[in-house]
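Me: I'm looking at this one for class, and I'd like to go through its charged side chains with you. Can we take it step by step?

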Amino acid sequence: MARVASNPVGLHRFRPCFQVAQLPQHARTSLHFRNEHRRFPTVSCQQTPDPTETSTTEKSIVEPGSGNDSSSQATSSSRDSGPPEFPNKNTNKQVALVSTLAALALFLSGRLDFGVSLKDLSVAALPYEEALSNGKPTVVEFYADWCEVCKELAPDVYKVEQQYKGRVNFVMLNVDNTKWEQELDEFGVEGIPHFAFLDKKGNEEGNVVGRLPEKYLRENVDALARGEASIPHARVVGQFSSAEARKVHQVADPRSHG
């Protein structure tokens, strides 16, 4: 059997090769495109697109971006950075009504508390003779223009007079007028203001003299208006001006009831 001679050169020549074969350039490009086609099948596969589906797709793309999103952003922006809301019409009407009532109350308060004078009361008063003959109860006030207490009580007298006007007579007699000397003695006037309360027959039920709370006058007048047999404050005296200091003068107008 013949021995085979070693040949290092020959062994090297037939050494097995395990390198991976590389694909040609055109095959790699085709594979790359094939993968791209798989990612976007709608672009490469759809041959005759349906007009209805296209319009629907376009509508769904346009509306979210340009319609709802923009309007929602604008609404959110206006809520965050916009000016505060103004009161509605009902609130404005309520404010206007309250302001009007407050102004009216202020006007009436000023008229009652500061705009009434003794002269106003005397002009509006009923003549004494007429009051005694009309069958109504009567309040007779003896006063003087120089009497400070009389001036202070004028607004209270006016308010009570307005409340019971038509049910009770209100008479003003000026103590400076000599015409009323007999009435001064008859009612025992020593201080002013002196309020005499007469029933509907002209009989005196009581009197109050001087500065007293308004309720004394109001409660007595209310008793007269309801025809009660007596008044709650029949003999009450407060701070007053002395009737002896009256300035007697000649009557310029005999028909005057003041």
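Predicted model: local features only at pLDDT ≥ 70, side-chain atom pairs only at ≥ 80, totals over all residues.

Me: How many salt bridges does the structure hold?
Reply: Each one has to meet that 4 Å cut-off. The total for this structure is seven.

Me: What is the N to O distance between Arg226 and Glu228?
Reply: The side chains of Arg226 and Glu228 meet in a salt bridge. Glu228 itself is partly exposed, with 31% relative accessibility. The N to O distance for the pair is 2.0 Å.

Me: Which helix holds both Lys151 and Glu148?
Reply: These two side chains form a salt bridge at 3.7 Å, N to O. Lys151 is partly exposed at 40% relative accessible area, and Glu148 is partly exposed too, at 47%. They sit three residues apart, so about one helical turn separates them, and the helix is α8 (residues 148-163).

Me: How many residues apart are Lys159 and Glu214?
Reply: Their side chains meet in a salt bridge of 3.8 Å, N to O. The pair links distant parts of the chain, with Lys159 in helix α8 and Glu214 in helix α10 (residues 214-225), and the separation is 55 residues.

Me: Is Glu214 buried, partly exposed or exposed?
Reply: Buried means under 20% relative accessible area, and exposed means over 50%. Glu214 has 22% relative accessibility, so the label is partly exposed.

Notes: Residues numbered from 1 in each chain as written. Heavy atoms only, no water. Helix = DSSP H or I, 4+ residues; strand = E, 2+ residues; numbered from the N terminus. Buried < 20%, exposed > 50% of the residue type's maximum accessible area, 1.4 Å probe, protein only.
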